[in-house]
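User: I have a new structure open. Walk me through it in short answers, please.

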Amino acid sequence: MIPEGSLLVARDLHKAYGPTPALDGAEFSVHPGEVVAVMGPSGSGKSTLLHCLAGIVTPDSGTITYDGRELSSMPDAERSALRRTEFGFVFQFGQLVPELTCVENVALPLRLTGVKRKEAERTALHWMERLEVADLGHKRPGEVSGGQGQRVAVARSLVTSPRVVFADEPTGALDSLNGERVMQLLTEAARSTNAAVVLVTHEARVAAYSDREVVVRDGKSRDMMMEHTV
Amino acid sequence: MSIGHTLLGLLESGPCHGYDLKRAFDEKFGHDRPLHYGQVYSTMSRLLKNGLVEVDGVEAGGGPERKRYAITAAGVTDVETWIKQPEKPEPYLQSTLYTKVVLALLTGRDAGDVVDTQRAEHLRLMRALTERKRHGDLSDQLICDHALFHLEADLRWLELTAARLDQLATEVRS
Amino acid sequence: MSRLSDLALGTKFALSGGREGWTRTLLTAVGVGLGVALLLATTAIPGALSKRDARDNARNDFGAGAVSVSSADPLLIGRTDTKFQGKDIRGRLLQPEGPKAPVPPGLSGIPGDREMVVSPELKSLLDSPGGALLRERLPYKVIGTIKDTGLLGPHEMAYYAGSDALAPRLTTEGDGSGVTQVTGFVDKGAQEKIDPVLALLIVIIFVVLLMPVAVFIAAAVRFGGDRRDRRLAALRLVGADRRTTRWIAAGEALAGSALGLVLGAVFFMIARQFVGDISVNGLNVFPADIDPDPLLALAVAVVVPTAAVGVTLLALRGVTIEPLGVVRNSVSRKRRVWWRVLPPLAGLALLVPMAGRGRDNGTFNQVQVVSGTVLLLIGVTALLPWLVEAVVRRLGGGGVGWQLAVRRLQLTSGTAARLVNGIAVAVAGAIALQMMFSAIEGDYVKRSGADTDRAQMSVPMGEIAPERAARQIRALKDTKGVTGTTTLGYANLGEKPKDPDHSTDMTVGGCAELREVAELPSCKDGDVFLARGGEYSGNPIPAGARLYVDPSYSDRRGVALPWTVPANAQEVQARPDPSGYRRNGLLVTPGAVRSVAKAPMRYTTYVRLDPRDRQAADRVLNTATASDPLTAAYSLNAYETSNRFAGVRKGLYIGATAVLLLIGASLLVSTLEQLRDRKKLLSALVAFGTRRTTLSWSVLWQTAVPVALGLALATGVGLALGAVLLRMVGRQIVVDWLPVGAMVGIGAGVVLLVTALSLPSLWKLMRPDGLRTE
């Protein structure tokens, strides 16, 4: 059932918040360099799936295997370290530290892994150039537009050269043009570094940037591409 | 839109007279374009010939005789295949998609599956359009954008319709 | 809506705004309440002191101050003040010379022979097991207690005892007997001025305590201001205009401060009950004395809420509340330093000219002292925002936690400075005061100059016969705990038998005794020395001069026995006696004065005590009192004065700590508020692997940096203020680093406490739940 060569695989995930089940036997897998859209109605468990896959939340049961390692049995510190070094994150909004300048925000994940400030900011600037926001370096997030801020966030998610980028509604707060541009830059950058992207979205136009979509409904997942090929 | 499949789907809920079928069809799908009775009659006879329906009984009433039709096992399979088969993504699919969703709910099938399958089909086309847009010139981009927005609109409408009807069905059942 | 109804609406919000609203109102009220309590206390202090002075006057029985009322019979008074375990006891022996003799205030009648009336504090000491030694010294029967009108404060120890021995003594010894005759206790109006240094201290204490409270009140009415502004923005959205929102905010502040007034009155009433237990350098008053001036109290009740409304309206001037959010106008403006240094400079300019006016040079201009001190301390509040901004702008480097904190401070340095201001002012004032206390304490130790290695007590015995002196010395030697005695006799000599123009002192003692007062190269009985280098340069006495021992004066008949200074009298260098006094004049061994042995002589015995026996001093006092209640022995142990401000120091520490904790509470409120507002951001930071410790450090730095800057500035200003104040009272400037360290330590403790208390909230917010938006 699980294709060969997957980077991140989840099987039979169950997770409940209180009495409400958020995940009820969900499955997932992603290859290096693959962009997978996670779709489904609100409250279906999309974000919970993403949080489990990223090791932010531990599932109640089920297994998550990343690069041969079992994620759900790792201690918190190890999972945090994994998130710092191997994963990148983009959220809908409110993720940039308002006091730090844009370049400092982008450099933050590198700094968390212990990279020296100058070097981290040099790398950060490189990624900001790729995301076409290099000129915003010394502005604060409050002084840039939503689209620019989101590109800064994408640059930040890529700055550690992660193997998996988790994007939770990355265009949710943007207009179409900016949304398209962010998606284009994100997927291109990810493909060029052979990073996998887990993209949670409810917009088909955004999902169209993916290679394949997984639908989550009532805590269960359906891999549409696989069903089709089967 | 396939009238034959629609009538078959309606019959799946139980045997029915031809005239009642027309009324059910008009009520659920044909608000602005009511079916001619002749259309029903010719369709039913084709379905009868293909073995997808059978005559359940004949009533001799005050007027002309009335046939009661029932769906056959082959008919049920045919409906199933039709509902599950995603439509080729193109604009203005709403009547067919709507019919499928309604029939799925009427016949106790999962309308969500219909939506998922259709979404996958839509996305397949949208991915191609997105890819084309990526490499094309401005006019390509504009044309692709138009198509993408329409396809997305259809999908969103379909998702909303499924959700609305699902809600209604839940309310009716409870 | 009218202004009044806007205010009323704000008041309603303050009282019914849910838990958050309540917390805000309560914090404001407690802050304002503490301030009000202190203000009320300040208004009550002058009244309390004057009531105390009035009682002091009413019982005065000293010389010229004691008036004569012709119709009354005289009352004989013997002063028997003593000390027990280092604490002062006011003692009086009374003997009426007729039925119409005056009765001292607080007494219903004059106690009979060997009976006494005592103050409540003394009574409880006498009744306690620890008072056994004192009961020996006061062998009178207690027949009642002195009423409050006869006491300065509730903790004063005093007694009046009846005696039949005063009249005969006055007859035989006259003025030298130590017995006074009064015919009335009437207010003499001759007020004893309060020690100007002590007055200065009291003034400074109040300024130092009131300033941070004022700063705190200003900060308190802004508690939770950000949230309130957002609430007001929501009101704008539904149609309130700008002016209305301001008045609603003012209404909220008004409610908080009105509640604060009530709390303040309650705090004041509670504190008043404890005022009797507080002693400032022996100054102690009754709770009933603490009675705020009604006019001043009314002023407090009007000024505080008005000020609260004023501060709120002023603070909102820099803020524009729009329907869709809050715009702070003053953020981008860089702070200028020039006008901020004006208040402290002006303060120094006011204080410095008063330098050197101490106890000996008259009083201080209180207005000048208060305004100078206030201006210096205001300087702290004006300089701190600039300092925080200037320093934080230059900060860089360091880890992620540090970077987060520094950047945050760069954006909102004003808020941080405002909160820390209170700490800074309190610490600056406390440091200045502690410096003053240490210096003044050191001063008392130095001035006595007593050499407590040579003797620990001095027992003056007055003019008595040699046999009686010998008996008393023996009694002292036999007292438990006494390890040795040195007795010197003194006589007065003149160059004429009657009304001499010059006089000189003669000190009589054995060679060992005389070596206590001068450097003797050699000595045997019969030698006579002429001491030089003493404190009073008396008339040089030539060897061979003829002098008269105990000459007669117009009002005193002496024996005037002739005596010739031997030609071989050597000149010697004086040295301080055990009490620190260096004497000139004749130093004579007993063999050289046999011819004038009949002349009366005063004796003083220096007593050495066993240092391990803590009751020895009190036993010596008992022995001396038993020999003669009217001659007081006293301790040479000057160090006891170094404890005289211990209570104030403790109080100051407690007060400063309370202020710091109060400000810590407001820091905590703002930190928690800030954390709650960033739930989403914190979750995002956790998602990409930020460690708890990193964010915990950032919270710590964010509090620690402004507090550290505040403490640094406060230390500087505090030392400067302390130095100026010391110059004013003419003392050497000595920095006492212990209180500086203690204050900085308390400040650091508050930072740690605030951080520790905000960590659970931080960690709770760092759970991934914050990412769930669905």
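User: In β17(C), what is the bridge partner of C:Leu530?
Analyst: The partner is C:Glu571. This is a predicted model, where local features need pLDDT of at least 70, side-chain atom pairs count only at pLDDT 80 or more, and totals for chains, interfaces and linings use all residues. Residues are numbered from 1 along each chain as its sequence is written, while chains are lettered from A and ligands numbered from 1 in the order in which they are written.

User: In what sense do β14(C) and β17(C) pair?
Analyst: Parallel, over four bridges. Strand β17 of chain C covers residues 570–574. Strands (E, at least two residues) and helices (H or I, at least four) are DSSP runs, numbered from the N terminus. Two strands pair if DSSP finds at least two bridges between them.

User: Which way do β14 and β18 of chain C run?
Analyst: Antiparallel. Four bridges join β14 (residues 528–532) to β18 (residues 585–588). In this pair, C:Val528 stands opposite C:Val588.

User: What holds paired strands together in general?
Analyst: Strands of a sheet pair through backbone hydrogen bonds, either parallel or antiparallel.

User: New topic: helix α12 of chain C. How many of its residues are buried?
Analyst: Nine of twelve, so to read "buried": 20 or more other C-beta atoms lie within 10 Å of the residue's own, with C-beta atoms placed from the backbone. Exposed is 12 or fewer, and partly exposed is in between.

User: Which residues of α12(C) are buried?
Analyst: Among them are C:Val400, C:Leu404 and C:Val406. The list also includes C:Arg407 and C:Arg408.

User: How far apart are the end C-alpha atoms of α12(C)?
Analyst: They are 17 Å apart. The twelve residues, 400–411, should span 16 Å at 1.5 Å a residue, so the two values agree. The expected span is 1.5 Å times one less than the number of residues.

User: Where does chain C touch chain A? Which element gives the largest share?
Analyst: 19 residues of chain C are in contact with 22 residues of chain A. Contact means that C-beta atoms, placed from the backbone, lie within 7 Å. Two elements give two or more residues to this side of chain C: α12 and α18 (679–687). The largest share, six residues, comes from α12(C).

User: How many nonpolar, polar and charged residues are on that side of chain C?
Analyst: Nine nonpolar, four polar and six charged. Ala, Val, Leu, Ile, Met, Phe, Trp, Tyr, Cys and Pro count as nonpolar; Asp, Glu, Lys and Arg as charged; the others, Gly among them, as polar.

User: And chain B: how many of its residues are in contact with chain A?
Analyst: 15 residues of chain B, which meet 13 residues of chain A. Helices α6 (111–135) and α7 (138–173) of chain B each give two or more. The most, ten residues, comes from α6(B). By class, this side of chain B has seven nonpolar, three polar and five charged residues.

User: How many helices and strands does chain B have?
Analyst: Seven helices and three strands. From the N terminus on, they run α-β-α-α-β-β-α-α-α-α. Of the 174 residues in chain B, 31% are buried.

User: In what order do the chain B strands sit in the sheet?
Analyst: β1-β3-β2, as an open sheet with antiparallel pairing. The edge strands are β1 (16–17) and β2 (53–59), each pairing on one side only. Six bridges link β2(B) to β3 (residues 66–71) of chain B. There, B:Glu59 stands opposite B:Arg66.

User: At what angle do α2 and α3 of chain B pack?
Analyst: About 115 degrees, with the axes 10 Å apart. Axes are lines fitted to C-alpha atoms, for helices over the stretch in contact, and angles run from 0 to 180 degrees between N-to-C directions. Residues of α2(B), including B:Tyr19 and B:Leu21, meet residues of α3(B), including B:Val40 and B:Met44. That contact has six nonpolar, one polar and one charged residues.

User: Last one, chain A. Which are the edge strands of its sheet?
Analyst: β2 (20–30) and β5 (69–70) of chain A. The open sheet runs β2-β1-β4-β5, with antiparallel pairing. Two bridges join β4 (residues 61–66) of chain A to β5(A). A:Thr65 stands opposite A:Glu70 in β5(A). Helix α1 (residues 46–53) of chain A packs on this sheet, touching β1 (8–17), β2 and β4.

Methods:
Two residues are in contact if their C-beta atoms, placed from the backbone, lie within 7 Å.
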